[in-house]
Amino acid sequence: MTTSLVRPSVEIHPQLTDPLLPELLHPSRLLWTPRELADLTATVTTELTAGLRGILRFDEDRRWWARLALTDGVELWLLSWLPGQHTKPHDHGGASGSFTVLQGELGEEYRYPGGPIRRRTHVAGQGLGFGAGRAHQITGLGDQPAASVHAYSPPLVATREYATLADVPAEIPPLPAIVRS
């Protein structure tokens with residue numbers, strides 16, 4: 001009987017060639033904690049800044065984003081925000097997440113199920129990790145363009161949008177992950 005070794009799947013944006021990124025992705029890790037995700041986005045924003053700036057774009061008509069990496073356990077994104085651009089209120093379908101601000105300033109309104117709506121401002125270098133129940137809305141603040149690096153685990157879980165954060169249910173059921181072939 002023979003056994004075959006399955007290599008973990010790793011996809012990296014073709015413009016990110018720094019050898020540090022594959023090391024940071026830990027392809028065999030299938031589920032990341034909010035702390036691990038926060039460490040990932042913080043390290044990517046500080047150590048891969050030049051590569052990120054080479055990819056970064058701003059679009060006056062809509063928010064811009066690019067997937068930086070995808071493994072079986074995590075997905076990593078770069079997002080840009082012109083002043084006033086924002087997401088709709090949303091949750092991450094049962095995935096944990098994090099983001100770190102690369103440049104500029106972001107406002108966040110957030111809520112955990114059954115909890116109050118809170119507000120925070122995040123500036124360049126600041127970030128956080130959050131658990132699966134957090135719903136939020138993010139807005140580009142100030143008069144300068146902003147950019148941020150986001151990570152989610154498990155990857156490829158659909159988000160749910162709400163009319164307002166007050167509409168977040170008392171319990172957020174997880175959504176199934178999208179299966180890659």
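Visitor: What is pLDDT, and what average does the protein reach?
Guide: pLDDT is the predictor's confidence in each residue, from 0 to 100, and on that scale the protein averages 91, with 90% of the residues scoring at least 70. This is a predicted model, in which local features need pLDDT of at least 70 and side-chain atom pairs count only at pLDDT 80 or more, while totals for chains, interfaces and linings use all residues. Residues are numbered from 1 along each chain as its sequence is written, and side-chain values use heavy atoms, with hydrogens and water left out.

Visitor: Which residues have pLDDT under 50?
Guide: Residues 177-181 stay under 50, and the model gives them 10 contacts beyond four places in sequence, a contact being heavy atoms within 4.5 Å. Where pLDDT is low, the predicted coordinates should not be read in detail.

Visitor: What makes Arg29 count as a charge over the face of Trp32?
Guide: The rule asks for NZ of Lys or CZ of Arg within 6 Å of the ring centre and within 35 degrees of the ring normal; Arg29 lies over the face of Trp32 at 4.4 Å from the ring centre, and Arg62 lies over that of Trp65 at 4.9 Å.

Visitor: Where does His26 lie?
Guide: His26 is in the loop between helix H1 (20-25) and helix H2 (34-47), helices being DSSP runs of H or I with at least four residues, numbered from the N terminus.

Visitor: How do the residues lining the largest pocket divide?
Guide: They divide into 11 nonpolar, 7 polar and 4 charged, where Ala, Val, Leu, Ile, Met, Phe, Trp, Tyr, Cys and Pro count as nonpolar, Asp, Glu, Lys and Arg as charged, and the others, Gly among them, as polar.

Note on methods. Helices (H or I, at least four residues) and strands (E, at least two) are DSSP runs, numbered from the N terminus.
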